[in-house]
Amino acid sequence: EFNGSFYQPSAFLMMGIPGLEALHHWISIPFCALYLIALLGNCMILFIIKKTQSLHEPMYYFLSMLAVTDLGLVLCTLPTTLGIFWFNMRRIGFDACLTQMYFIHILSFIESSVLLAMAFDRFIAISHPLRHPSILTKTTVIKIGLAIVLRGMVSLLPIPFLLKRLTYCAKTELSHSFCFHPDIMNLACADIKVNIFYGMIILLSTVGMDFIFIVLSYILIIKTVIGLATKEECLKALNTCVSHICAVLVFFIPMIGLSMIHRFGKNVPPLVNTLVAYTYLIIPPALNPIIYSIKSSHIREALLRALQRK
């Protein structure tokens, strides 16, 4: 410690994959493939939805929001991750680290909220199909999108300032190739109870509530589907939800796992911590376009038409 005097490092040192530093160049190959799939896949989703008039409806507007959010997450982590794997560029400035952390957390919260909005859309479409166009108009979707962004920005705004007020120890090595709030917070020598309390409250009141409402939405959807007349109608209704359920599981399972590891998993091996973090930030942006392209016949058909024109 620094005798109680205020100390703030000029930079942090990021970590690649612990124990496998000699293989970073080879490990970068699957990471490059995942990043490329995420970038091309989400750009393709946005292009198809924009160019296909029949896809200009709430379900695909929300899918566009999900694609933009995934692109943001990829662009936030790509420079530092590949910088470490290719050039061993581990150093990141203190303010740059806080900026990256802020945007990673904002985009994660936005993705959680968009998945909730998509669950609400599926509930309305299945439970009240005739009223669906009048409830989720284009204007309503835009208002939901703005509310989602504002909620993420405002709720997380105090986090960088709470970190800047802390005094830090001599150790400046982070656990990941990106900046994460609990990771930075744990390097401080000062009392971090306020940071822990605020972080937990925000996580539970945003992502936690989103997850609860998504589960409630699907309980209501299942209740509605059970009441349908035939088995075919039941399966058809559920089939429209499969891609969204996959996206929810791919996003929430690693996120919950990473949060639990940082808060309670002091004895978890560093390699497990690192792999869960990469799964949380890289796998969902890469898988979401694939999931929706496979399960949505409308997107598949629009993609085939676009390829045939080319």
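**Exercise 1. Work out how many aromatic pairs there are, and take one apart.**

Start with the rule: rings of Phe, Tyr and Trp (its six-membered ring) pair if their centres lie within 6.5 Å, with planes under 30 degrees apart called stacked, over 60 edge-to-face and the rest tilted. By this rule you get twelve aromatic pairs. Now pick phenylalanine 31 and tyrosine 278: their centres are 4.8 Å apart and the planes sit at 75°, so the pair is edge-to-face. Phenylalanine 31 belongs to helix H1 (residues 24-51) and tyrosine 278 to helix H11 (residues 270-295), so this pair ties together parts 247 residues apart in sequence. Helices here are DSSP runs (H or I, at least four residues), as are strands (E, at least two), numbered from the N terminus.

A word on the source: this is a predicted model, where local features need pLDDT of at least 70, side-chain atom pairs count only at pLDDT 80 or more, and totals for chains, interfaces and linings use all residues. Residues are numbered from 1 along each chain as its sequence is written, and side-chain values use heavy atoms, leaving out hydrogens and water.

**Exercise 2. Decide whether histidine 181 is buried or exposed, and find what it touches.**

Buried means under 20% relative accessible area, exposed over 50%, partly exposed in between (1.4 Å probe, protein chains only). Histidine 181, in helix H7 (residues 181-185), comes out at 5%, so it's buried. For contacts (heavy atoms within 4.5 Å), skip neighbours within four places in sequence; histidine 181 then touches Met101, His105, Ile159, Leu163 and Asn195.
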